[in-house]
Amino acid sequence: LSTDTTHSGEIGTKKKVKRLLSFQRYFHTSRLLRGIIPQAPLHLLDEDYLGQARHMLSKVGMWDFDIFLFDRLTNGNSLVTLLCHLFNSHGLIHHFNLDMVTLHRFLVMVQEDYHSQNPYHNAVHAADVTQAMHCYLKEPKLASFLTPLDIMLGLLAAAAHDVDHPGVNQPFLIKTNHHLANLYQNMSVLENHHWRSTIGMLRESRLLAHLPKEMTQDIEQQLGSLILATDINRQNEFLTRLKAHLHNKDLRLEEAHDRHFMLQIALKCADICNPCRIWEMSKQWSERVCEEFYRQDDLTRRFPTIEVTGEDPVLCENQKQIKIPFFKMGCFMTYIVEPLFREWARFTGNSPLSENMLSHLAHNKAQWKSLSPRQHRSRGGSGSGSDHAGPGTEDQAQTGGEGDSP
Ligand SMILES: [Zn+2]
């Protein structure tokens with residue numbers, strides 16, 4: 001996998017990126033990063049750091065926002081830059097009387113706790129999920145009810161939802177007897193770790209230390225509930241509840257409880273929205289997911305104690321062939337992504353964004369279908385051109401039990 005996979009516009013912007021990178025040296029020694037509190041209202045990007053990144057931030061609410069380009073323009077600081085901007089534009093810094101330097105320090109901690117060597121579960125994925133979350137928070141059906149606390153929780157949960165992700169999934173941690181699996185008793189192992197790590201950083205940074213204790217306790221609990229909702233194994237539970245609410249028309253968004261539920265759904269959507277992005281970006285994310293699968297598979301082979309069975313798509317011998325990730329991609333889109341986004345569209349009253357996402361999803365599904373047989377042959381697969389890896393795998397994909405949390 002190349003992280004520099006070409007996509008539209010990249011060649012044209014390379015020169016500009018190169019020029020901008022020279023600003024980064026200044027950026028890294030800026031007043032902000034040296035911990036000096038500015039006297040004047042803070043501009044989130046240093047005055048000298050204008051241009052492409054700042055221009056992109058003006059379009060942060062658009063669905064075709066190119067997070068890969070934004071990450072290059074910010075020299076790998078997409079998560080910090082995006083969050084600072086969103087906290088400011090949503091009025092959260094003012095509302096919660098947040099210290100800008102402390103906020104920045106906290107966000108740097110979060111960003112640095114992501115593993116940049118993970119092809120998929122890295123800070124760019126977190127930034128991408130946060131940008132999607134921002135788009136969902138602006139949905140008219142939801143936006144008019146949201147309080148500043150809801151917005152802050154939504155953005156923080158999105159930013160930190162995969163923090164310190166080891167690049168392997170829960171079945172792997174359980175089978176290798178990892179200490180996190182023991183600590184969390186094999187239940188939402190990764191999500192519990194992401195939540196607890198986030199709380200640790202919040203407390204260490206003292207970002208919310210000036211708020212009443214009951215409020216910070218509530219924030220910590222709600223963050224947990226939001227992050228734990230991203231466990232893909234709980235997909236059916238959330239989908240069933242959402243369907244029931246929409247069927248009964250009993251969502252009362254004036255009430256905190258129901259708003260929290262819709263924040264959970266919004267975060268789940270944001271976390272698995274890759275197949276609803278434009279094809280070039282969706283494809284790049286899929287390649288990254290596959291690369292992470294392959295790496296886990298390589299790791300699996302170094303653990304002789306792990307039982308390799310044909311039934312487990314994660315540890316399957318055939319994993320080296322491209323067909324299972326491609327097959328999984330199709331299953332994932334059909335059985336996990338599409339049902340959730342159809343209900344989300346219902347909730348939003350088929351908003352323009354929802355229609356746009358479903359249209360990308362249909363297009364991307366067709367693209368994968370046309371692409372996969374060719375890929376099978378080129379990667380030395382079975383040569384059958386078949387997408388099917390067996391009914392067992394499909395069943396697991398349908399129930400969301402494959403343990404591969406996006
Ligand atoms: Zn994620």
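Start by selecting Trp63, Tyr136, Trp344 and Phe347, which together make one aromatic cluster. Rings of Phe, Tyr and Trp (its six-membered ring) count as a pair if their centres lie within 6.5 Å; planes under 30 degrees apart are stacked, over 60 edge-to-face, and the rest tilted.

Before moving on, a word on what you have open. This is a predicted model, so local features need pLDDT of at least 70 and side-chain atom pairs count only at pLDDT 80 or more, while totals for chains, interfaces and linings use all residues. Residues are numbered from 1 along each chain as its sequence is written, and side-chain values use heavy atoms, with hydrogens and water left out.

**Zoom out**

Show the cartoon: the protein has 19 helices and 0 strands. These are DSSP runs numbered from the N terminus (helices are H or I, at least four residues; strands are E, at least two). Of its 406 residues, 55% count as buried, meaning under 20% relative accessible area, with exposed over 50% and partly exposed in between (1.4 Å probe, protein chains only). Take contacts between residues at least 6 apart in sequence, and 77% of them join residues at least 24 apart; a contact here is heavy atoms within 4.5 Å.

**Aromatic pairs**

The structure holds 8 aromatic pairs. Select Tyr120 and Trp285: the ring centres are 5.6 Å apart and the planes sit at 75 degrees, so this pair is edge-to-face. Tyr120 is in the loop between α6 (100-113) and α7, Trp285 is in helix α16 (residues 279-301), and the two are 165 residues apart. Both Tyr120 and Trp285 are buried.

Tyr136 and Trp344 are a tilted pair, 5.3 Å centre to centre with 50 degrees between the planes. This pair links distant parts of the chain too: Tyr136 belongs to helix α7 and Trp344 to helix α17 (residues 323-347), 208 residues apart. Tyr136 is buried, at 0% relative accessibility, and Trp344 is buried at 0% as well.

**Along α7**

Stay on helix α7 (residues 123-137) and pick His134. Is His134 buried or exposed? With 6% relative accessibility, His134 counts as buried. Show its neighbours next: leaving out residues up to four places away in sequence, His134 touches Val60, Gly61, Leu86, His90 and Leu155.

**Charges over rings**

Select Arg288 and return to Trp285: Arg288 lies over the face of that ring, 5.6 Å from the ring centre. The rule here is NZ of Lys or CZ of Arg within 6 Å of the ring centre and within 35 degrees of the ring normal. For another example, select Trp195 and Arg196, where the charged end of Arg196 sits over the Trp195 ring, 4.0 Å from its centre.

**Helix α13**

Colour residues 213-228, which are helix α13. At 1.5 Å a residue its 16 residues should span 22 Å, and the end C-alpha atoms are 23 Å apart, which agrees. (The expected span is 1.5 Å times one less than the number of residues.) Its buried residues include Thr216, Ile219, Leu223 and Ile227. What do the buried residues of α13 pack against? They pack against α9 (148-160), α12 (189-205) and α15 (256-271).

**Last stop: cysteines**

Select Cys84, buried with a relative accessible area of 4%, then Cys290, buried with 6%. The structure holds 0 disulfides, a disulfide being a pair of cysteine sulfur atoms within 2.5 Å.
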